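Student: I would like to learn how to read the features of a structure. Please walk me through this one.

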Amino acid sequence: MYICICNAIREADVHAAVANDVRSFKELKSQLGLCSDCGQCSRKAKACFDAAKASQPTYLFKEHLIQLAQA
Ligand code: FES
C-alpha cells in the first residue's frame with residue numbers, strides 16, 4: 001500500500017527503513033522524501049513509522065540501550 005502518493009513510497013519502504021536503523025520520523029522523511037510535496041501523507045506516514053518501530057523488537061531494544069546510555 002502506498003503511504004506517499006507524490007513520491008511513490010510504500011508502507012514496505014517505511015518498514016525497510018526502520019529495519020535499517022532509521023531512528024526518527026525526521027530522519028525517515030529526509031531519507032525517503034516522505035511529506036516533501038503536498039504533505040497530505042504526514043499523519044499516515046507517522047502512524048506507519050510508529051507501527052514499524054513497534055513491530056521491530058530489536059529496534060525497541062536498541063532504543064532502550066540508547067536511553068540507558070544517555071541517562
Ligand atoms: S502524498 Fe506525500 S507528499 Fe504528497
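**Reading surface and charge**

Tutor: L65 is partly exposed, with a relative accessible area of 42%. Buried means under 20% relative accessible area, exposed means over 50%, and partly exposed lies in between (1.4 Å probe, protein chains only). This is a predicted model: local features need pLDDT of at least 70, side-chain atom pairs count only at pLDDT 80 or more, and totals for chains, interfaces and linings use all residues. Residues are numbered from 1 along each chain as its sequence is written, and side-chain values use heavy atoms, with hydrogens and water left out.

Student: Where is the place of L65?

Tutor: L65 sits in helix 4 (residues 57-70). Helices are DSSP runs (H or I, at least four residues), numbered from the N terminus.

Student: How many salt bridges does the structure hold?

Tutor: Start with the general idea. Side chains of opposite charge can pair when their charged atoms come close. A salt bridge is a side-chain nitrogen of Lys or Arg within 4 Å of a carboxyl oxygen of Asp or Glu. Here there are 2 salt bridges.

Student: Which side chain meets D13 in a salt bridge?

Tutor: That of R10, at 2.8 Å from N to O. R10 is partly exposed, at 37% relative accessibility.

Student: Which residue forms a salt bridge with K46?

Tutor: D50 does, with the closest N and O atoms 2.9 Å apart. Both K46 and D50 lie in helix 3 (residues 42-54), 4 residues apart, about one turn of the helix. K46 is partly exposed at 34% relative accessible area. D50 is partly exposed too, at 32%.

Definitions and conventions. Helix = DSSP H or I, 4+ residues; strand = E, 2+ residues; numbered from the N terminus.
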